[in-house]
Structures are given as structure tokens and as C-alpha cells.
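Hi,

Here is the structure I said I'd pass on.

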Amino acid sequence: MVKAITVHKHGGPEVLRWEEVEVGVPKEGEIRLKQNAIGLNFLDVYMRQGLHNRAPPLPFTPGMEGAGVVTAVGPGVTSCQVGDVVAYATLQVGSYAQERILRADQVVPVPSSVDPVEAAAVIFKGLTAHVLIHKGFKVERGHTILVHAAAGGVGYLVCQWANAIGATVIGTVSNMEKAVQAKEDGCHHVILYKEENFVDRVMEITAGKGVEVVYDSVGKDTFNGSLACLKKRGYLVLFGMSSGEPDPVCVAQISAKSLYYTFSSVGEYTEDNRDELLVAAEELFCNVANGVLKVRVNHKYPLSQVSQAHMAVESRNTTGSVVLIPDEE
Ligand SMILES: NC(=O)c1ccc[n+]([C@@H]2O[C@H](COP(=O)([O-])OP(=O)(O)OC[C@H]3O[C@@H](n4cnc5c(N)ncnc54)[C@H](OP(=O)(O)O)[C@@H]3O)[C@@H](O)[C@H]2O)c1
């Protein structure tokens, strides 16, 4: 038996229960992983509340990213062996546990140049950032982009990465502390959206032209403003709905400037597509190792205290990555 967090009913952070679970032995194509660290994502909150369209049946163990050491492999596994350090990002929940079973094709090797805690902190958010800036819309040198929640878990990586590519990065944040971080992470312009109208500021910064792309994870509260910030033929890449689902889109909102609107979901690119996953993960870890991406492990909690971490995320008091460290028993 190992200890894990289990959700028996949907609800607030109090439904996250620390209890013993059976892990079992890996079957054909599976591995068993002893986890060094687990990354916390805003999506975990949706899952706990039962609001995500892929929320698993009850009871379940939440969590979608982590890193650790392979302790056993099932029959037929050739891609990794006992002792390997690996990381994973998957919508198949279950990471809030000291140990877990995964399919071998869900994990990627963590190079020795990357700390496993940083790997756990960056794998899900970093692969999402990779999809956003390479696939949802391809950011190039000379583009001007707008990133909402620029100090958040995905946002800070998008800002760093797009800056490294040579884009001009505009970020929105709610307070001064987040603004300082966003600046450090490569935002050329930071908008404190509670104090200034972000559409007006974007138009001022771009001399009325607008931006090539908006990366919007906030949804309802920002959606119409995001469309207004786009230049002709610009892209609105929605990838989250932290404030709720936006109202339905009228054709006129899109046709006015011949805009593009897409929802980018990391799972659609990396789940069941091993080749794409390996290429993206290699590029991500390479960028971490060579310093292009600076992983911010800004908040660490013992796994057994995860309810406190959920409270902090929900009250929007976190920046960068939030990491859970499995308790030693
Ligand atoms: N599509 C995908 O594949 C994918 C993958 C990973 C994450 N996501 C989504 O991306 C979003 C960000 O995830 P994350 O883990 O990186 O979280 P996060 O950015 O660390 O946290 C959310 C941030 O959004 C901002 N926000 C604005 N309005 C909010 C509201 N009403 N409620 C809560 N937050 C609000 C807050 O920043 P300010 O205080 O600066 O406003 C908050 O800190 C989430 O919506 C998540 O579901 C999508």
C-alpha cells in the first residue's frame, strides 16, 4: 500500500483525502513510478469540482503531471527500465500519489541536466506552452502577442518562450507582484488589468494595429476584449476558461477582421501521439537545461497538504509552478 489523495465526492478542497491505496504491479506495457514531485495545475481544480468534460468517475486520485523513478516494468516494455528518471503529462488522472502505474508510452526521459522536481513542475505546463506557440499559432520573430494570466503556470512559460523566439510580448496580470515576475519572464509590456483597460493599452502599445495572437486562458471575462485586441487576420487561441465559458461567438465578431478562433488542448497533440510527445518534450527539456526557460518552482507543499495548495490556486495567490512533494512515511 502507498499513500495518495482520493476524491470520493466533488466539492471544495476539503474533499481531498489522504489515504492508503493499492498500486499493484505493472501489467503488459505499463510501468510503476515512485514519484519525486507532482505538478499542480488549475485543471486539477476543475477535476476536483467535477466541472471538466473529462472529469473521471468517483472515486479518483487527481493530478496530471509528475516525475520520478521507474521501480518496476511490465511485460513488453522496452522504452524504459528500472532506475530511469521519467516525467509525464496526461489527462489520465492519478498523480497525487507516492507511487502510481502508467503506460510506458506516456512517460518521457528526463535528462540528467534537468532536476526531477523542475521536470514535474514544467512538463504539463511546458508541453502546453509548446503547443500554444508552435501549433495553436506559430509565433515568429517580429510578432506581437498578448498573454493573459502572464504570471500563471502556463503563462510564465509562454512569455519566456515567445520572448526567446523574438516576439514582442504583452502580458496581463492582476497585481504588482505578478507584474514584476512577468517582466522578469520576458514581457516587454505588462498590463495591470484591474487598473487599466487592457484593450485600450494593447492598441496604444501597438499604435492601433493590434496583435497577431492572443493566448487566452481566462475565457468569459476576457474573450470579447481579446477579439478586440487582434489585428486583421489575427488568431484568438483559447486554451482555458478560468473565469467560465465565454458566450457563444457570432459570425460577425470573427468576420469583421477575418479572424481565426481555435481552442488548443495539449492532450490533442500529445496523448496517443508518441512521436509528437517525444519531440516536444525533448525541445522543452533542452530549453530548460540551456536556460531559455527558467522553471519557477514558486510554491512547494507536502502532498498530504494539497488542500492548502488548491486553496492558494483558487484564490489566485500563486505564480509560476506549484509543486507537491510526496511525504516520506
Ligand atoms: N488547453 C490545455 O491543454 C491546457 C493545459 C494547461 C492548462 N490549461 C488552462 O490554462 C489555464 C491556466 O492554468 P494554470 O494551471 O497555468 O493556472 P494559473 O495560470 O497558474 O492560474 C490561473 C490564473 O488565471 C488568472 N485568472 C483570471 N481570472 C480568473 C478567475 N476568474 N479565476 C481564476 N483565475 C483567474 C489569475 O491570474 P491573475 O491574478 O493575473 O488574473 C490566476 O492566477 C487554466 O484555465 C487551465 O485550465 C489548459
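Helices (H or I, at least four residues) and strands (E, at least two) are DSSP runs, numbered from the N terminus. Bear in mind that this is a predicted model, where local features need pLDDT of at least 70 and side-chain atom pairs count only at pLDDT 80 or more, while totals for chains, interfaces and linings use all residues. Residues are numbered from 1 along each chain as its sequence is written.

Now the helix pairs. The axes of H2 (residues 116–136) and H9 (residues 274–289) come within 10 Å and cross at roughly 120° (axes are lines fitted to C-alpha atoms, for helices over the stretch in contact, and angles run from 0 to 180 degrees between N-to-C directions). H2 and H9 are therefore oblique to each other. On the H2 side, Glu118, Val122, Gly126, Leu127 and His130 meet Ala280, Ala281, Glu283, Leu284 and Val288 of H9; two residues are in contact if their C-beta atoms, placed from the backbone, lie within 7 Å.

The other pair is H1 (residues 42–49) with H10 (residues 306–314), packed at an angle of about 110° with axes 10 Å apart. That makes H1 and H10 roughly perpendicular. Here Phe42, Val45 and Arg48 from H1 meet His310, Val313 and Glu314 from H10.

Is Gly29 buried or partly exposed? With 16 other C-beta atoms within 10 Å, Gly29 is partly exposed (buried takes 20 or more other C-beta atoms within 10 Å of a residue's own, exposed 12 or fewer, partly exposed in between, with C-beta atoms placed from the backbone). Leaving aside neighbours within four places in sequence, the contacts of Gly29 are Gly74, Gly76, Val77, Arg103 and Ala104. Arg103 sits 74 residues from Gly29 along the chain, yet their C-alpha atoms are separated by 5.9 Å.

As for the whole chain, there are 10 helices and 15 strands. The C-alpha trace spans about 60 × 40 × 35 Å along its principal axes. Buried residues make up 47% of the 329 in the chain. Of the contacts between residues at least 6 apart in sequence, 67% join residues at least 24 apart.

Cheers

Conventions. Parallel < 35°, antiparallel > 145°, perpendicular 65-115°, else oblique.
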